Structure formats: structure tokens, C-alpha cells
Amino acid sequence: MIINEHMKLVDKNNFNLAIDNHQVELFTLKNTNGVTCQITNFGSRIISLFVPDKNGLFEDIVLGYDTLQEYLECDEMYFGATIGRYGNRIANGKFTIKGKEYQLSKNNGNHNLHGGNKGFHNVVWNANQTEKETLELTYLSKDGEEGFPGNLKVKVIYTLSKNNTLEIKYEAKTDKSTLVNLTHHSYFNLRGIGKESIENHFVTINASKYTPINKEGIPTGEIISVIQTPFDFTKEKAIGKDIHNSDEQLVFGKGYDHNFVLDATNLKCAARVIEPISGRTLEVFTSQPGIQFYSFNHVEGIHSGKNNTAFITRSAFCLETQHYPDSPNQHHFPSVILNPDEIYTSRTSYKFSVK
Ligand code: GAL
């Protein structure tokens, strides 16, 4: 293991602040190979993630900020956050459960995005580091919070295993029928943050279909084949290969910002990304039916991040495992309703290796 100058952890003191009487902290998970992940209970967010390249050099591969203050003041990107109650967009912020219509805030044009202004990314969770490699976070989202019905108890468990896998387990219970669609929003650059664009990262997504969007990012309702389109990642392909194509879907998304319909949901490999220079490889395994592949398309004017890393368009990618966007209003998409007699569970693993 080579600990190079890039293995500079974010300072815990920069997160030591109380918000509405809830103490924020920065926790460190570390496995026996030296893989290190810093997580804060503000938004249940990953703040840094150091993994080795093919020469054993560790680098931070997720975008973010050095201080809690910046997350509070500047973050419009949901860097590293747990997203809820509903990850992705709900058209017009409106949905109906059991005949009752609910109106959420419109925090993304005319639509609701990622749970609204006070989504799970912007609240303080209770945290308990049960082991060196495990952090459990819980949050009670009250009935009516951001317009959603039901008191929802949520638990997120991060575990960094010996085989360099960061596993995220989710659990939720409600006392009224509600919507739940939880996801994780890290922005990865496997070369190391602050390096070049991700257009030379090679991606495979095990999805033969995707859900096209309208120009506001809302699914049209169709579920169509990726074959012979720029959305075909069924065989390994550089992100940059087709991203500048004039395909209307890429114009609407300003790049990739689409939900892929996974061919398998039983924790099989959903996606793999290889960065050829460092050799760093990421594999994503999930129990979720979809994955939002986002190529960091909306960057204009945002503040620079950790170690003065500039945020540049396409300097990172997200692979957000989740249900399809706007599922509450698209009744042929898998259901996102959680009833009081049910327990929501889902699981996603990000596994790191070198090639
Ligand atoms: C993604 C979403 C993008 C953008 C981003 C946050 O999950 O698909 O459209 O909103 O979050 O900036």
C-alpha cells in the first residue's frame, strides 16, 4: 500500500457543528486494505472515498467539499448524499395515493426533484459507528415533511468490506401509505478528482432498455430498446463515444441523464466502469430495478470543491440505483408505494478493484 500526498483526509473539525440542536460529525470507515471512506450524518453523505490504483496509489475519487459550511451554502448537486423520500423527478410535484392527491414543492422547474428542498440530503441523521467498517444512520421523516404522507423511519447502513466493496443497505417503515425511492448520489471520477473528464471511462450497463424523457427530464412513459442508440452500453463503451451525438434524448439531457431499466435486479452486476490509466474499476450491484446514469451535465457557475478542485462539466459520473423517475404517475412502472404493514428494503454495493 502506498499512501501518497493525495491521501489527505477531510478535517473532522470542519464538520463539527450543531444544526437545530443536532450535532453533525464526520466519521471514517477504513478496511484492512487501507480503503477509506468519510461519511457525515448531515444528509448521510459520503465526503471522501480513497481507493488504490493499479500501482497501489490511493486517491479520492468522489467530488465534494472540505467543510460542512460549503455543503450548507453551495451544494445544489447533492454531492455524496442519501436521496429521499423520492429520488429523481415527480412530474409537477403531484401524486395520488388511495384517491388522495398530494402536492410537493417544485424545486426543479415545475417538478419535484430528490425529495424537495429539505430532502434527506439536507437533514441531520442520527449516527452510530458500530464497527471500524460500519456506520448506521437513522432518520425520522415526519408526516407531512416536504408534503409526503406518513411518519417514515429510515435506516441506512454503510459497510466497507475486506474486498473493497462499499455496501449500502436501506430500510424504511411508515405509518401511512407513502412513496419511498431511496438512492445514493456520489459523483465518481476513477482517475481521481480534479483530473480529466470522464469521457475516457469505459462503461457497461446491463440494461437492454431505458426510459426516454421529455425536455424537462420527465419520462415520456415509454420503455424502449437501447440497441442501435447512443444508450447502448450493453457492451463496454467509452462515455465520450456517443455523448456528442445529436440524438434528441442526449440534447434533452445535455448528455446522459437517464434511467436504465436493469435486466436483472437480484444483486447481479448492474454496471461496470473502468478507467484505463489508473486501472481503477467500479462495479455496481443492486436490488433496484433501475439506474440513473448521469454524466454531470449541469455545472455552470458552481463553487469549486475539496482541495480547490474545479467542478467541470463531465468531470464525474453518477450511477444512482433506484426506481424509475416519476413512477408515482406512471402506473406501468414498478410501484414505489410503501404501506404500513410492509418494510422497504434495498441494497446497493459499489465494488472497487483494478484492471
Ligand atoms: C441527478 C439528476 C440530474 C440532476 C442531478 C443534480 O440525479 O438526474 O438531472 O438534477 O441529479 O444536479
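Which of the 13 residues around the ligand come nearest? They are Arg89, His114, His185, Asp257 and Glu320. The model is predicted.

**Ligand site**

- The ligand takes up the space of the largest pocket.
- Arg89 places a polar side-chain atom 2.8 Å from an oxygen atom of the ligand.
- His114 does likewise, with a polar side-chain atom 2.9 Å from a ligand oxygen atom.
- Gln292 has a side-chain N or O atom 3.3 Å from an oxygen atom of the ligand.
- On its own, the ligand has 310 Å² of accessible area, and the protein covers 96% of that.

**Cysteines**

- How many disulfides does the structure hold? The count is zero.
- Cys37 is in no disulfide, and the nearest cysteine sulfur, that of Cys318, is 15 Å away.
- The cut-off for a disulfide is a pair of cysteine sulfur atoms within 2.5 Å.
- Is Cys37 buried or exposed? Cys37 counts as buried because its relative accessibility is 0%.
- Cys318 is buried too, with a relative accessible area of 0%.

How values were computed
Residues numbered from 1 in each chain as written. Predicted model: local features only at pLDDT ≥ 70, side-chain atom pairs only at ≥ 80, totals over all residues. Heavy atoms only, no water. Near = heavy atom within 4 Å. Polar contact = N/O pair within 3.5 Å; in protein donor to acceptor, adjacent residues only side chain to side chain. Areas by Shrake-Rupley, 256 points an atom, 1.4 Å probe, with all protein chains shown as cover. 1 Å grid on protein atoms, 1.4 Å probe; cavity = no way out; pocket = protein on both sides within 12 Å on 5 of 7 lines; lining within 4 Å. Sits in = over half its atoms within 2 Å of the grid points. Buried < 20%, exposed > 50% of the residue type's maximum accessible area, 1.4 Å probe, protein only.
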